[in-house]
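Trainee: I'm about to open this one for the first time. Can you walk me through it?
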Amino acid sequence: MKRRTFIAAAATSVATLGTSRGILATMETPATGAGIVPLDKSPAEWRALLDAAQYRVLFEEGTERPWTSPLNDEKRDGTYVCAACFLPLFESATKFDSGTGWPSFYAAIDGSVGTKRDWKLILPRTEYHCVRCGGHQGHVFDDGPPPTGQRWCNNGVALRFVPAGEALPELRA
Ligand SMILES: [Zn+2]
């Protein structure tokens, strides 16, 4: 990336910090027309709905400590939904043990997440967000298993697991 482009990107991300609409606007792959209507809440509204750890990861792009999520050991069939807006993001069939200490999947549900470059480290990483609420979920890497070769490394607090046979929660309004 050229330096000028980098500065412009950095300025954009600073200017849009703090609103989920801003995050949605900077995503490189926004909703793919799956009929998902964006949910835009203020930081204060999300703070009231989520606990502190969830809020920090989802809306301040924090990262939970590895090996802290009970979802690491979750092996039942089911669906992983966004902990903020309840949009289904991952199916248990794509979960695998990455050994990283974070719940990991080799694919996200089509159209459920958008990606953008994250320049916090020297090497750019690709972070992804729930397309509906803009909540930060994790980072995707290209060292995953077949069939995709992708590793979607997700913060456990940003997900809620719904076992197969249980009704998915209604999307949060
Ligand atoms: Zn969401």
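Predicted model: local features only at pLDDT ≥ 70, side-chain atom pairs only at ≥ 80, totals over all residues.
**Working chat: a guided look**

Trainee: What do the buried residues of helix 4 pack against?
Mentor: They pack against helix 3 (43-49) and strand 7. By "buried" I mean 20 or more other C-beta atoms within 10 Å of the residue's own, while 12 or fewer is exposed and in between is partly exposed, with C-beta atoms placed from the backbone. Helices (H or I, at least four residues) and strands (E, at least two) are DSSP runs, numbered from the N terminus.

Trainee: Which residues of helix 4 are buried?
Mentor: Q54, Y55, V57, L58 and F59.

Trainee: Okay, zooming out. How many helices and strands does the protein chain have?
Mentor: Four helices and nine strands. Out of 173 residues, 31% are buried.

Trainee: And what share of the contacts join residues at least 24 apart?
Mentor: 59%, among contacts between residues at least 6 apart in sequence. A contact here means that the two C-beta atoms, placed from the backbone, lie within 7 Å.

Trainee: Let's talk core. Which residues touch the most other members of the largest nonpolar core?
Mentor: C82, C85, L89 and C130, in a core of 29 residues. At least two core residues come from each of helix 4 (52-60), strand 1, strand 2, strand 6 (125-130) and strand 8 (151-154). Helix 4 gives the most, with four residues. A nonpolar core is a set of buried Ala, Val, Leu, Ile, Met, Phe, Trp, Tyr and Cys residues joined through C-beta atoms within 7 Å.

Trainee: What does C130 touch?
Mentor: Leaving out residues up to four places away in sequence, C130 touches C82, A84, C85, L87, L89, S112, V113, G135 and Q137.

Trainee: How many bridges link strand 1 and strand 9?
Mentor: Five, in the antiparallel sense, with strand 1 covering residues 78-82. Y80 has F161 of strand 9 as its bridge partner.

Trainee: And strand 8, which way do its residues point?
Mentor: R151 and C153 point one way, W152 and N154 the other, and all of them are buried. In general, side chains in a regular strand alternate between the two faces of the sheet. Strand 8 runs antiparallel to strand 4 (residues 104-105), joined by two bridges, and S104 stands opposite C153. Strand 8 also pairs with strand 7 in the antiparallel sense, over four bridges.

Trainee: Which residue of strand 8 is opposite G138?
Mentor: N154. G138 is part of strand 7 (residues 136-141). The C-alpha atoms of G138 and N154 are 4.5 Å apart, though the two are 16 residues apart along the chain.

Trainee: Why does G138 count as buried?
Mentor: Because it has 28 C-beta neighbours inside 10 Å. Beyond its neighbours within four places in sequence, G138 is in contact with W102, Y128, W152, C153, N154 and N155.

Trainee: Is W67 buried or exposed?
Mentor: W67 is exposed, because there are 11 other C-beta atoms within 10 Å. You'll find W67 in the loop between helix 4 and strand 1.

Trainee: And F86, buried or exposed?
Mentor: Buried, with 20 other C-beta atoms within 10 Å. F86 lies in the loop between strand 1 and strand 2.

Trainee: Where's the cis peptide bond?
Mentor: Between P146 and P147, with omega about 5°. P147 is in the loop between strand 7 and strand 8.

Notes
Residues numbered from 1 in each chain as written. Pairing = 2+ DSSP bridges.
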